[in-house]
Amino acid sequence: MAASHPSAAAHARGSPRRGAAVARKVAVAHPHTARRVLASPRADNRQPDLLDAAARRFREKGYAGTTMRDIAAAAGMLAGSIYYHFSNKDALLIAVYTEGVRRISRAVALAVDGTEGAWPRLEAACVAHLEHLLARSDYASVVIRVHPQEFSPKTAQKLRALRDGYEDWFRRLCGDLPLPTEADADELRLMLLGALNSAAAWYRPGGRSPAALARRFVWLLRAPLDHPR
């Protein structure tokens with residue numbers, strides 16, 4: 001596992017005002033998913049423990065290989081009690097995915113906040129994105145491994161809305177770049193996110209850190225645009 005890097009979210013714990021401001025920015029940036037992404041579980045139940053257990057089991061065994069009984073046991077609950085919180089496994093997956101998106105969205109928001117310049121802002125977002133993915137957290141694993149097209153139309157629609165809401169960060173950041181007229185911001189975004197997300201499959205510690213790797217990806221895109229032949 002890669003050496004730990006101080007995350008933007010950890011930095012924010014010492015700055016509650018900044019954390020609240022960033023939470024508001026996330027809500028404004030993603031109005032169609034803000035309620036789901038930023039909502040906190042109710043304090044009077046076991047839902048946080050249940051989400052943690054589900055994320056852990058989904059990471060370890062995959063969605064198809066995990067049963068509701070597995071998740072209930074991991075959370076220390078009776079098998080039937082899980083249905084007080086979620087009607088089925090798809091509903092539980094959506095809740096886990098929502099929490100994963102909330103966490104990575106917050107990390108990106110904190111990284112971009114206060115960063116000046118279009119390219120530095122994109123670089124900061126990429127660093128936060130890759131550090132979060134390569135931290136190997138249960139929630140990050142679910143976000144990167146779950147593919148909406150593998151589920152029912154109703155579940156797929158909800159997962160895509162969450163994913164698209166998060167990717168709006170990169171749509172705006174890439175849209176702000178001073179690109180030449182022949183360059184397409186959407187194509188650049190898709191190529192960049194594809195490279196970043198693929199690192200979860202091949203990254204091994206011992207080489208570049210996640211932050212250095214993210215900066216390298218951005219540089220490889222920017223250099224030919226800044227110095228065309």
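H8 and H11 cross with a right-handed sense. This is a predicted model, and in it the two helices pack at an angle of about 30 degrees, with their axes 9 Å apart. That makes H8 roughly parallel to H11, because angles under 35 degrees count as roughly parallel. Here's a quick tour of that pairing, the core around it, one arginine and the overall fold.

**The H8–H11 contact**

- H8 covers residues 118-134, and H11 covers residues 185-202.
- From the H8 side, the residues that meet H11 are Trp 119, Leu 122, Cys 126, His 129, Leu 130, Leu 133 and Leu 134.
- Their partners in H11 are Leu 188, Leu 192, Leu 193, Leu 196, Asn 197, Ala 199 and Ala 200.
- Sorted by class, this contact has 12 nonpolar residues, two polar ones and no charged ones.

**The nonpolar core**

- In soluble globular proteins, nonpolar side chains tend to be buried together.
- The largest nonpolar core here has 63 residues, and Leu 92, Val 96 and Leu 122 are the ones with the most contacts inside it.
- At least two core residues come from each of H4 (47-61), H5 (68-74), H7 (89-112), H8, H9 (138-145), H10 (153-175), H11 and H12 (210-226).
- H7 gives the largest share of this core, with 13 residues.
- Leu 122 turns up in both stories: Leu 122 is among the H8 residues that meet H11, and also among the core residues with the most contacts.
- Setting aside neighbours within four places in sequence, Leu 122 touches Phe 170, Leu 173, Cys 174, Leu 177 and Leu 192.

**Arg 171**

- Arg 171 sits in helix H10.
- Is Arg 171 buried, partly exposed or exposed? Arg 171 counts as partly exposed because its relative accessibility is 29%, and that class lies between the buried limit of 20% and the exposed limit of 50%.
- Leaving out neighbours within four places in sequence, Arg 171 is in contact with Asp 164 and Arg 189.
- Arg 171 and Arg 189 are 18 residues apart in sequence, yet 6.8 Å apart in space from C-alpha to C-alpha.

**The whole chain**

- Of the 229 residues in the chain, 43% are buried.
- Take the contacts with a separation of 6 or more: residues 24 or more positions apart account for 71% of them.

Notes
Residues numbered from 1 in each chain as written. Predicted model: local features only at pLDDT ≥ 70, side-chain atom pairs only at ≥ 80, totals over all residues. Heavy atoms only, no water. Axes fitted to C-alpha atoms, helices over the stretch in contact; angles between N-to-C directions. Helix = DSSP H or I, 4+ residues; strand = E, 2+ residues; numbered from the N terminus. Parallel < 35°, antiparallel > 145°, perpendicular 65-115°, else oblique. Left-handed = near helix turned anticlockwise from the far one by under 90°. Contact = heavy atoms within 4.5 Å. Nonpolar A, V, L, I, M, F, W, Y, C, P; charged D, E, K, R; others polar. Core = buried A, V, L, I, M, F, W, Y, C linked by side-chain atoms within 4.5 Å. Buried < 20%, exposed > 50% of the residue type's maximum accessible area, 1.4 Å probe, protein only.
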